Amino acid sequence: MGSGTALGPFQQQVLYVLLHLGEKAYGMSIWQELEDRTGEAKTIGAVYSTLERLERRGFVSSRMGDPTPERGGRAKRYYSITGAGASALQTSERVVRNLQRLVPRLGEES
Amino acid sequence: MSRQVDDEPQGRRQQRGRARWITAVTAVVTAPAVMLVVTRNTTVVALVMVAVVPVAVAMVTVANRRKESVGRESVRDTKRMRNPAPPLSAEKLLLFALPPRISDPIVGDLTERFPSIQKRHGVWFARAWYWRHAVGAVTRFIGPRLAGATSLGAVVRMARKFLPL
């Protein structure tokens, strides 16, 4: 695996959430899902900076929605995972599985 | 005391407000220049700036609002409780510090979530929550750029060449 497809733990989490949310994935929904699932209190800035980085690498694409009054007339930016992003996620999953085979399962050592 | 401030003409009050802003901007510009001369470390100065600017903006805004509201607190507070809005200074900070591509969706997201946080935890918690996210976003996007400080570093190097520092 080259460093071009290497993903950090938080980047992986964000990509999984994008896959889970599908078309309705935008900043706040991604943040909420991450907080609910991981229990970690990240800021919205952390989510957006990760999404920006992933977009620059071609793993994520974005489009603007329509402005709504409850958002003070500001539009949502919807994010979705690209083919390259999905294959980078598969690659990092495979790497983790290969590494896990090297050691006995946690809690099973006598 | 409150009577005096209340009787103060509107133009005079605005003048005082402007003077407060000018003082804050002067302090925010002068302090890093002095720190640069003393520490000669652009990263430290940049990090201090990131922390100090929002605090200065918040202090002046609060001072100006307090002066405006003397004698009318109860009416203003009731209004604020009934229709709480996200902190304007934090919103301005985001719009000023981040590129529009990112600042617009972030401000929209926080504005959208603000009422539900306020309903569950109260106005002050919601405001603190908004500020936490605003400062977090600004440090996330601006911090690394300032820490790199390529252009700022170049300016300082050039200044050192020409000035007897």
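A salt bridge here is a side-chain nitrogen of Lys or Arg within 4 Å of a carboxyl oxygen of Asp or Glu. Helices (H or I, at least four residues) and strands (E, at least two) are DSSP runs, numbered from the N terminus.

Before going further, a word on the ground rules. This is a predicted model, in which local features need pLDDT of at least 70 and side-chain atom pairs count only at pLDDT 80 or more, while totals for chains, interfaces and linings use all residues. Residues are numbered from 1 along each chain as its sequence is written, chains are lettered from A and ligands numbered from 1 in the order in which they are written, and side-chain values use heavy atoms, with hydrogens and water left out.

## Salt bridges

Over all chains, the structure holds nine salt bridges. Between chain B and chain A the count is six. Here are some of the pairs, with their N to O distances.

| Residue and partner | N to O distance |
|---|---|
| Glu52(A) and Arg101(B) | 3.1 Å |
| Asp104(B) and Arg74(A) | 3.0 Å |
| Arg37(A) and Glu33(A) | 2.8 Å |

At 35% relative accessibility, Arg101(B) counts as partly exposed. For that scale, buried means under 20% relative accessible area, exposed over 50%, and partly exposed in between (1.4 Å probe, protein chains only).

Asp104(B) forms a salt bridge with Arg74(A). That pair joins two chains because Asp104(B) lies in helix 6 of chain B and Arg74(A) in strand 2 (residues 74-81) of chain A. Asp104(B) is partly exposed at 29% relative accessibility, and Arg74(A) counts as buried at 18%.

Arg37(A) and Glu33(A) also meet in a salt bridge. Because they are four residues apart in helix 2 (residues 27-38) of chain A, about one helical turn separates them. Arg37(A) is exposed, with a relative accessible area of 61%, whereas Glu33(A) is buried at 14%.

## Where the chains meet

The size of an interface is often given as the accessible area lost when the parts come together. For chain B and chain A, the buried area is about 2000 Å², and carbon and sulfur atoms give 55% of it. Buried area is the accessible area (1.4 Å probe) that two parts lose on being put together, summed over both. Arg101(B), Asp109(B) and Glu112(B) supply 29% of the area that chain B buries against chain A, more than any other three residues.

The contact takes 21 residues from chain B and 23 residues from chain A, where contact means heavy atoms within 4.5 Å. There are 13 residue pairs in polar contact across this interface, both residues being at pLDDT 80 or more. A polar contact is a pair of N or O atoms within 3.5 Å; within protein, one must be able to donate a hydrogen and the other to accept it, and residues adjacent in sequence count only if both atoms are side-chain atoms.

On the side of chain B that touches chain A, helix 5 (88-97), helix 6 and helix 7 (123-148) of chain B each supply at least two residues. The largest share, twelve residues, comes from helix 6 of chain B.

## Inside each chain

Chain A has four helices and two strands, which follow the pattern α-α-α-β-β-α along the sequence. Of its 110 residues, 41% count as buried. One of the residues in helix 3 of chain A is Thr50(A), which is buried with a relative accessible area of 4%. Leaving aside residues up to four places away in sequence, Thr50(A) touches Phe10(A), Gln11(A) and Val14(A).

In chain B, Leu98(B) lies in the loop between helix 5 and helix 6. Leu98(B) is buried, with a relative accessible area of 4%. Beyond residues up to four places away in sequence, Leu98(B) touches Ser103(B), Ile106(B), Ala137(B), Val138(B) and Phe141(B). The C-alpha atoms of Leu98(B) and Arg140(B) are separated by 9.9 Å, though the two residues are 42 residues apart along the chain.
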